[in-house]
Every structure is written in structure tokens, then in C-alpha cells.
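Subject: Structure handover

Hello,

Here is the structure we spoke about. Please open it first, then read my notes below.

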Amino acid sequence: MLGMSFTSFVTQLFIGLQIGMVYVLLAIGLSLIFGLMTVVNFAHGTFFMFGAYMGLFMVGLTGNFWISLLFVPLATGLLGLIVEKVTIRRLYGRDLNYPLLLTFGLSFVMVEGVRLIWGTSGSPFDTPSALVGPVNLGFAMFPKYRVFVIVATAVIVLALWLFLEKTDLGLIIRAGTRDSLMVRALGIDISKIWFLVFGMGTGLAGIAGLLAAPMRGVHPDMGIEMLIDSFVVVVVGGMGSIWGAVVAGILIGEVVSMITFFYPMMGEVAIFIFMAIVLLIRPSGLFGEAGLLE
Amino acid sequence: MGISARGFFLSRSHLLFILFLTVFPFIVPYTAIANQILIFGLFAMGYNILLGNTGLLSFGHAALFGLGAYGAGMALVYLKTGLFTGILIGVAAASMGAAGIGYFCLKRRGIYFGMLTLAFAQLLYFLALTVFDKYTGGDDGLRNIPLPPVSVPGVFSVSIDGPLRFYYFLFVICALSLLVIRRILDSPFGTVLQAIRENEKRAKSCGYNVNRVKWIAFVFSGFFSGLAGALYAVYFHLAPLNTLYWTTSGSVVMMTILGGMGTFVGPFIGAAIFLLLQDLLSTVTKSWQLFVGGIFMLFVLFFPEGIWGTLQEKIRFRDVQE
């Protein structure tokens with residue numbers, strides 16, 4: 001690495017890990033919803049944005065980031081539940097394109113709604129006071145908040161994995177991903193599970209938005225670019241498993257971080273070029289389970 | 001709709017539609033919006049070669065529209081070409097772009113296709129914004145694109161500056177394009193597209209090279225989307241950066257669904273209604289997207305056939321009853 005010290009290299013790796021962690025949360029939500037319901041949630045990025053604004057709202061109300069951390073996934077998840085119940089539910093059994101189109105329209109409505117309430121210009125988001133400043137990781141100084149994001153995401157992903165692997169409900173969700181007809185034949189009301197999983201997925205998007213907010217501020221348009229990036233993660237990693245999302249998310253985070261460091265001009269296009277290369281070498285994605293979800 | 005042996009001729013209703021377009025600028029509130037409707041109507045019809053006829057949902061047609069706009073704009077600004085050469089260069093850029101993007105996006109099937117088109121369009125957007133901003137004008141877009149006269153050197157030369165003159169120039173191009181698109185869809189190739197839309201696996205087992213056919217449809221779609229983009233650039237003397245932004249892809253999706261993706265002229269009607277609605281709403285409220293998005297959701301839920309498709313169903317149903 002030309003002229004790059006070991007410390008700055010490791011710091012850059014760490015930044016990549018942190019960027020990747022936000023992708024991971026979004027990609028897991030997308031995969032969960034798609035895997036079970038075959039719904040591509042185009043509004044996933046908008047729920048991310050909505051989560052950030054809900055955080056802004058709650059922090060403004062209580063002045064406490066930790067209460068928001070509990071409130072945001074509940075509020076965003078609740079909105080997801082309402083959306084599923086009122087709209088998406090009507091489209092089951094129709095062509096896969098319809099839920100995608102519907103959530104596409106929904107993202108316009110939500111973005112415009114947020115603009116109406118909070119204005120078009122966006123606003124900064126204060127880092128919670130306990131997490132301001134750097135922390136010494138031994139090899140480098142690193143902002144406390146970013147370390148917190150990495151740890152928090154790891155905890156969430158682990159909890160989710162335990163939930164899916166160790167609980168009865170998790171078992172039903174995994175079974176539903178394989179063959180929802182068979183699950184229904186066994187006497188389980190799968191539509192209730194779909195309802196729940198849509199709420200879970202959107203809740204995860206909301207928490208990702210809140211976690212990202214102190215690093216980038218909040219803005220009505222922050223969702224769509226995040227959505228496109230998470231689509232790239234999903235294309236690279238496949239929508240088959242949590243671990244696919246984790247590995248692909250972190251990998252993309254590292255690509256963004258490294259390329260931005262070496263060629264700042266290429267920062268925004270790097271992720272797409274990386275995706276094109278993956279498509280050329282492994283058309284079915286890095287962990288391709290071709291056929292299952294295509 | 002349906003398969004027919006009409007050959008090169010348009011059906012009576014399509015001829016009526018083209019006749020209607022000759023008086024169209026005198027019906028709408030002002031001529032400029034008629035021009036926009038023709039441009040986006042052409043774009044939506046090009047888009048519908050993929051969505052309505054092949055069943056492929058692309059969220060990245062801004063890339064092709066934008067390539068047409070920037071291609072024509074750069075040719076006219078930097079190479080100082082004539083009008084038709086400029087437009088042709090734009091169309092060529094879009095078709096080649098479609099060939100490249102289509103090659104990558106069709107490597108993954110199903111729902112991944114839409115995600116990939118969106119991603120590649122975003123790639124082009126960022127390339128125009130940062131990497132090639134010296135040539136594209138970056139955030140400001142490509143400005144001061146000239147509008148040369150329609151001319152055959154030494155024979156004649158007619159200026160098409162001015163909304164109404166430009167309208168009839170557009171009209172000729174759109175009518176010809178309609179004819180060509182109809183011809184493509186009525187050909188055996190068009191029938192294969194329908195077969196893929198209805199049942200891809202069966203089309204494959206009939207021996208069609210499904211991926212190749214989809215790719216060709218993508219390039220055709222790119223050709224007409226690029227033509228619309230090139231016309232946009234010469235009409236507005238400008239290739240704005242947002243022609244490449246995802247919102248442009250979003251608009252064409254909405255227009256096509258609103259009008260009716262299962263019909264031939266539906267997308268055109270969708271474009272007209274979308275633009276008139278946007279024009280009307282934006283004088284009343286800043287949040288017109290809220291209403292357009294809401295209306296779009298209602299259509300997806302309750303009228304997935306779109307306005308024209310639903311009307312056609314009604315008429316057909318009445319005919320059957322009589």
C-alpha cells in the first residue's frame with residue numbers, strides 16, 4: 001500500500017466495518033421480507049429514513065438517545081405492520097412485480113410526508129453525549145460512537161440469529177422461507193407470520209436509520225441512496241441467509257471505505273463497479289443459491 | 001392487443017390516435033406541455049417494450065434516457081453536428097448503453113433484475129456527476145445545446161425553434177416510432193416476447209434463447225428511450241443531471257402503470273395524465289409527489305390494468321353483452 005501507514009490502514013478497515021454494519025441491518029431486513037413473502041420492499045430505504053426522523057422526534061421530546069433506541073424500532077415496525085395490513089396483504093398471489101411497484105409508490109408518499117412535517121432541508125443529529133469523543137483501541141484512536149454502532153449491530157444480528165435458530169417462531173419463519181404452502185398445510189396461519197416479519201424487517205430498517213443518523217444527519221432523501229446500496233449488497237450476497245447479508249454487507253463497506261481513501265473521486269461509483277465484477281465472475285452472487293429466490 | 005397479421009399497417013384505432021395527436025397541442029393548456037407529453041409518451045412506449053410486453057420491470061431507464069440526452073447534447077455542443085446526426089449519436093449511445101447494461105442485468109433473473117437496473121443507472125448518474133463532470137457539466141447539466149434547423153444541405157432548411165414548430169417535428173418522429181414499435185411487437189419476435197412474459201420456462205423449453213431475446217428487447221427499449229432523451233435535450237437546449245437520476249426511471253414506471261402496461265397506447269396516455277396531473281397539482285401544492293404517489297398506489301391495488309386497460313375491458317365487456 002503506497003505510503004499508507006499500518007495505523008491508517010487499520011483505521012480505514014475499521015471505518016469500512018462500521019459502514020458495512022449499517023448495510024448489514026438493511027440487507028437482513030430486505031432478505032427476511034423477501035425470503036418469506038417474496039416481496040421486494042422498495043420502501044425499505046424510506047423506512048430507514050423514517051427511523052432516523054423518529055429518532056430525531058424522540059430525542060427532541062425526551063432528550064434521551066437510549067429511549068429513542070427502544071422507541072424507533074417499535075414505531076417503524078408499527079408503521080410497517082400497518083402498511084402490510086392495509087396494502088401489501090391485498091397483493092399476495094399476484095405477480096411479484098406488484099408489491100415492488102406498490103412499495104415504490106409508498107416511498108414517494110412517505111418521503112413527501114416527511115418533507116411536509118419536518119421540512120425539505122434535513123437537519124443534524126447530535127451524537128449521544130456518552131459516546132462523544134474518541135476511544136483508544138490500542139492500535140488507533142477511533143470515535144466512540146462508531147465503535148458503539150459496530151457493537152450494537154453485532155448484538156442485534158446475534159439476537160436475531162438466536163431468535164431464528166432457537167425459538168419456535170423462528171423455526172416457523174425458517175420453514176416458511178423454504179415452503180410456505182407446506183407450513184400452511186401443517187395448520188399454521190402463515191399470513192400472521194408474514195405480517196410479523198414485515199414489521200420486524202421494517203423495524204430493523206428503522207434502527208439502522210437511527211444508528212446512522214448521528215454520523216450523517218437526517219434528510220428526507222437519505223433513504224433511496226441507502227436502498228440502492230443495500231440492493232447491491234443483496235445482489236452480491238444473495239437473499240438466502242443472514243450470514244450472506246453479513247459478509248456481503250461488511251465486504252461492501254470495506255470496498256467503499258478503501259476506494260474512498262485511495263481514490264476519493266471513485267468513492268460513489270466503486271460499489272457499482274465491484275458489483276459488476278462480481279456479476280462477471282460469479283453471476284449468481286458470492287454465495288449463490290441460484291434458483292431458490294430467482 | 002393480441003397477435004394479428006396486420007403487417008405494416010396500423011389498426012384503425014391507432015390511426016385515429018395518430019390523427020388525434022395532430023390537433024393535440026390545441027387541446028392542452030399550453031403547447032409546451034404537449035411537447036413534453038410526446039417526448040415522455042415515446043419514452044414510456046419504449047419502456048413498455050420491456051415491462052408490458054416482456055414482463056421485465058426495470059428501475060433504471062433513466063440511464064438510457066440520460067444517455068440519449070447527453071449523447072445528443074455532447075454531439076451538438078462539442079462536435080457541432082447537424083440535428084439528425086446529433087439525435088442519431090444520442091440514440092446510438094443509448095442503444096450501446098442498453099446493450100452493456102442489459103448484458104449485466106440479465107445475468108440475474110427475477111427480482112434481482114430490477115435492483116441491478118437501478119444500480120447501473122445510479123452508476124451512470126455518479127459518473128456524470130463526478131468523474132466526467134468536465135464534459136457533462138456535472139451538477140449543472142450540459143447547457144446551451146443548440147437546435148439546428150431541419151435541413152438537407154443545398155435543398156432546404158427549416159427552423160423548428162418555437163413550441164408549435166417543434167411539436168410537429170416531434171409528431172413526425174413519434175408517429176414513425178409508433179409504427180416501428182407496432183411492427184416489432186406484431187412480428188414473430190414480438191410474439192416470443194409475449195411468450196416469455198406469460199411463461200418464461202415454457203418459452204425456454206420451446207427452444208427459444210430466452211436470454212438473447214430479452215437482451216434484444218432491452219436494446220430496442222433503449223433505442224426508443226434514448227430517442228426520447230435526445231429529443232428532450234434538443235427541445236430544452238439542456239441535458240440536466242436529473243435525466244440520469246432514479247426519479248426519471250420512477251416517472252416512466254408510474255406513467256406506464258397509470259396508462260396501462262398491457263396496452264399499446266396506454267403508456268402514452270399515462271404520460272399525458274401524469275404530466276397534466278403534475279402540472280395541475282404543482283400549481284396548488286408543493287407536495288404534488290404525495291398525491292401522485294398515492295394515486296399510483298391506488299392504481300396498483302385496484303386498477304392494475306391502468307386507465308386505458310380498464311377502459312378497454314369495460315368497452316369489451318359491453319360489446320360482449322350486446
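At what angle do helix H7 and helix H10 of chain B pack, and how far apart are their axes? The angle is about 180°, and the axes lie 12 Å apart. Axes are lines fitted to C-alpha atoms, for helices over the stretch in contact, and angles run from 0 to 180 degrees between N-to-C directions. H7(B) and H10(B) are therefore roughly antiparallel (over 145 degrees; under 35 is roughly parallel, 65 to 115 roughly perpendicular, the rest oblique). H7(B) covers residues 163-186 and H10(B) residues 210-236. Helices (H or I, at least four residues) and strands (E, at least two) are DSSP runs, numbered from the N terminus.

H7(B) brings Phe166(B), Leu170(B), Ile173(B), Ser177(B), Ile181(B) and Ile184(B) to the contact. H10(B) brings Phe220(B), Phe224(B), Leu227(B), Leu231(B) and Tyr235(B). Contact means C-beta atoms, placed from the backbone, within 7 Å. By class, these residues are 10 nonpolar, one polar and no charged. Ala, Val, Leu, Ile, Met, Phe, Trp, Tyr, Cys and Pro count as nonpolar, Asp, Glu, Lys and Arg as charged, and the others, Gly among them, as polar.

A word on the source. This is a predicted model: local features need pLDDT of at least 70, side-chain atom pairs count only at pLDDT 80 or more, and totals for chains, interfaces and linings use all residues. Residues are numbered from 1 along each chain as its sequence is written, while chains are lettered from A and ligands numbered from 1 in the order in which they are written.

Next, the two chains. 34 residues of chain B are in contact with 33 residues of chain A. On the chain B side, helices H5 (111-131), H11 (246-259) and H13 (288-302) each give two or more residues. H5(B) gives the largest share, 14 residues. That side of chain B has 23 nonpolar, eight polar and three charged residues.

Two loop residues of chain B deserve a look. Lys80(B) is not a glycine, yet its phi is positive, about 50°. Lys80(B) is in the loop between H3 (61-78) and H4 (83-105). Lys80(B) counts as exposed, with 11 C-beta neighbours inside 10 Å (exposed is 12 or fewer, buried 20 or more, partly exposed in between; C-beta atoms are placed from the backbone). Asn144(B) also has a positive phi, near 55°. Asn144(B) is in the loop between H6 (133-136) and strand S1 (150-152).

Finally, chain A. The buried residues of H5(A) are Arg146(A), Val149(A), Thr153(A) and Val157(A).

Best wishes

Methods: Two residues are in contact if their C-beta atoms, placed from the backbone, lie within 7 Å.
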